Each structure stands twice: as structure tokens, then as C-alpha cells.
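Look at the structure shown here before reading on.

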2 protein chains.
Amino acid sequence: ELIGAAARLLTEPYLAGRSVLVTAGPTREYLDPVRFLSNRSSGKMGYALAAAAAEAGAEVTLISGPVTLEPPPGVQRVQVESAQQMCDATLTRVVGMDIFVACAAVADYRPTRQAAQKIKKGSQGLTLELERTPDTLEQIGKLADKPFMVGFAAETEHLEINGRHKLNSKGLDMIAANWIKQGRGFEVDDNALTVLWHGGKVELPMAPKIQLARGLIKLIAEHHHAKDSA
Amino acid sequence: ELIGAAARLLTEPYLAGRSVLVTAGPTREYLDPVRFLSNRSSGKMGYALAAAAAEAGAEVTLISGPVTLEPPPGVQRVQVESAQQMCDATLTRVVGMDIFVACAAVADYRPTRQAAQKIKKGSQGLTLELERTPDTLEQIGKLADKPFMVGFAAETEHLEINGRHKLNSKGLDMIAANWIKQGRGFEVDDNALTVLWHGGKVELPMAPKIQLARGLIKLIAEHHHAKDSA
């Protein structure tokens, strides 16, 4: 807590008096009590964003999927496992928030059925039926008093095209797009972001995630204030 | 290394001059560059077994799926990700080993196809075709000079029946069966094991995994020596 307070003093309080909700990490979608579908998100970028927002003076709530990270100082953490739990926790807590940063790699699909007992293996293959998980961003986008919304897009191709498509289709104010490649994006400490908004963009070059997070939080604060005072 | 040497001195060298191969952790079976099928294994039991075998004087090789644990002192670790990689690494290294402890929670199924690019989500569901992964235990069981083989069975029902079935069908010398329940089996520091062999069993009651591992390594050493000198 003392370290958090000291770190906050080192940064200009761009977000003093503001409330920020951040989601981070992967989700797990269980087939049975043991097996699940997940993804390579380590939660590092979302945790760095929560830390950077707290440093900038915000009241920060972090909704986190299963990761092995400690919550940053001064940040209130809520732990969830599935996309449904992530969605429910987010909808409950987003009300009244100034800024929402959706950094979690929420599973898009989950098994239609979850077996109560461990599925015994047979000699043959298996067909797994998957259904879409709830679209939290879409639901938040429909709120009467919606927050400043920042999304993430991790792409293996067409970075800016896919990023702009998601910015528009989800009604976001800003999106941070990044490449998934060998040694980039997931499970690494460095990354680079292409930050897009309506009518503009900026490249945040390869840097440690905490440094990138500080850059992105500063951009978010500027655009939020501009929109807030418009 | 010094700590490992000290720990080894605290234990009787049941396995001095013996070579032990241990597998640990889950595997990941990728659908695309981001999404995978996995399971709740933390690797703690396998790492504890590798540590206990090294303490007992064995030369230990640990083949590990993706976990966040440090390798125990004095243990040679090989890191893998998929069931196929786990199988290949195991078959390469098992030759000439005295004892093989298969503690990894190797995926039984993997997607039949792995997409080169991230699968874009649609509005509808998705059908995922899965195929069986290679059966490493079965392949090792067919080796002319096979090691003393110890398997694990994590079950949600019929613990001893399912355990004995696997003991026989895989040609194992011993199997350690454990319940998967809330707060038991995976991702926890304590566990209990029902250890089965042909014509016998012993219950190792709830204890920290390192203590259980020492108990199981002692049992393995006794049965291995009995078989070796028979």
C-alpha cells in the first residue's frame, strides 16, 4: 500500500476522482470438472493497466480471470473463472464507472453442455458443440449512462482493419490493437500497441507492459476528459 | 543445489543409483494460435514427486507441461506444451530408466485441425472435432525393457474400480488414484492418494503434496526393488 502510494506520487494524477473498471486475464470454459477451453492471456497487460490507472489517481476495480499475478497496490480485485462470471461481475460493477477498459481475453465460445462427471475417454474421436458466450461489451454499449469504453484486439492478421471494425461494431471510444506473434502479445513482458479511435491513431512502440500501460492510461485520460467536457 | 543436497541427506537414499522419469502438469491442445483445450493440473504433485525422488538419491528427469513452478533442485527439466510433445519427449528419454512415474494430466483429445490464424467468431455456435492423442503409457508398456511403471488416475466417481481398470489395461506396476472434488486433487497443496498394485493397496491420507510424494516414492522404491530382485 505504501509502495502504491509512492508510485502514485510519481505520476501526474490524470485520473484523480475518476473510477476505472479493468478486466484482465483469460476465462475458462469447462467441458467437465477437469477439462476446459481457455487461451494464452497471462493477465499481465490488464494488471499493468490497473496499476497505471491507480498510479494516476483513479479508484480502480480489477475483474480478473485465473492468473498467477498479485493484485496491484490500491486496486480492488474480483476473481472470476468463466465468461459468464466475467460478464455478470462486469455488468454489476460497471454502473457509475467513468472508464471501462476491457482487457480480458474472454472466451468467445463455451461448450453447450458441461458434464457433471469427468468424461471417460473412448477409442474414437469426439465432437464438441460450442455456443457463443454473452457479449459484455455489447451489453455495456447499450447502457443509458455508459462509461468511456476502451477495448482490446489481439490479431494474427489485418491489425488495423480488424481493430477499426471492432471499434465501430462495439461502439467503443478507443481500441488498443496488438499483434499475436512468436514472442509478442501473450505471455511476454513486452508488447507494442496500435491505439485507434474515431478519426485518429497512435503507435505505442515495443516496451515493457507497465510502460505501455502508462502511455495508454494517459491517452485514455486525455480522450475521456475531451469527451467529458464536450 | 545446496538446499537439494541437504534435503537429500535428510532422507534415506532409497533410490541411490536409480534413474527416475517423472511427467507433470497439464498439456495444451491448440485450436488456433490463441485458444487451447487444457485441464486443471497445476503440476504440484509431479514436481513434488520429482523432488522426493531426487531427495531419495535418484537421477531425476522431469518432463513438464506449462506450469508456473520452478524445477526442484538437482532435477533435469524438459518443458513441453502439447500431448504430442509430451509423448515424444517421454519416449525419447524413457529408454534405460529404472522407474517411470506418469503424473502429467495429458490431454486425451486434441482438435483434429489447428487453424494457422485466429478463428474469427461468428454469431452462431461452432462444432469442434476432436481426435485422440497418442497413448504414451501404452507405447511404453510395449517396450522390451520397460521400466517400473507408475500411473495416476484422477476420478470424480468409482475411484478404486476406475483405478484398478487403468492399472490392468495399461500394464502398470502401481497406480495412485485420487478424488477430484471441491478443494481436492487439482490446484491445491494437500491431497490424499489410494495407491493400488496387483494384489494390494494402501491409503495415503490427506497431507501436503510433498509429504504424500515422499510416501509414494518410498512405496515405489520398495515395490521396484522387490520386482527387480525377483
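Which residue in strand 6 of chain B is the bridge partner of L21(B)? The bridge partner of L21(B) is F100(B). This is a predicted model, in which local features need pLDDT of at least 70 and side-chain atom pairs count only at pLDDT 80 or more, while totals for chains, interfaces and linings use all residues. Residues are numbered from 1 along each chain as its sequence is written, chains are lettered from A and ligands numbered from 1 in the order in which they are written, and side-chain values use heavy atoms, with hydrogens and water left out.

Strand 1 (residues 19–24) and strand 6 (residues 99–102) of chain B run parallel and are joined by four bridges. Strands here are DSSP runs of E with at least two residues, and helices are runs of H or I with at least four residues, both numbered from the N terminus. Two strands pair if DSSP finds at least two bridges between them. Both strands belong to an open sheet of eight strands in chain B, with the order 5-4-1-6-9-10-11-12 and mixed pairing. At its edges are strand 5 (75–79) and strand 12 (200–208) of chain B, each of which pairs on one side only. On average, neighbouring strands of this sheet are turned by 20° against each other, direction ignored. For such angles, axes are lines fitted to C-alpha atoms, for helices over the stretch in contact, and angles run from 0 to 180 degrees between N-to-C directions.

Within chain B, three bridges join strand 7 to strand 8 (residues 126–132), and the two run antiparallel. P111(B) stands opposite L130(B) in strand 8 of chain B.

Now take the contact between the chains as a whole. Contact means heavy atoms within 4.5 Å, and 37 residues of chain B are in contact with 37 residues of chain A. The area buried between chain B and chain A is about 3,500 Å², of which carbon and sulfur atoms give 50%. Buried area is the accessible area (1.4 Å probe) that two parts lose on being put together, summed over both. Y109(B), K121(B) and L126(B) supply 17% of the area that chain B buries against chain A, more than any other three residues.

The last topic is helix packing. In chain A, helix 2 (residues 44–55) and helix 6 (residues 209–228) pack at an angle of about 55°, with their axes 8 Å apart. Helix 2 of chain A and helix 6 of chain A are therefore oblique to each other. Angles under 35 degrees count as roughly parallel, over 145 as roughly antiparallel, 65 to 115 as roughly perpendicular and the rest as oblique. In chain B, helix 2 (residues 44–55) and helix 6 (residues 209–228) also pack at about 55°, with axes 8 Å apart.
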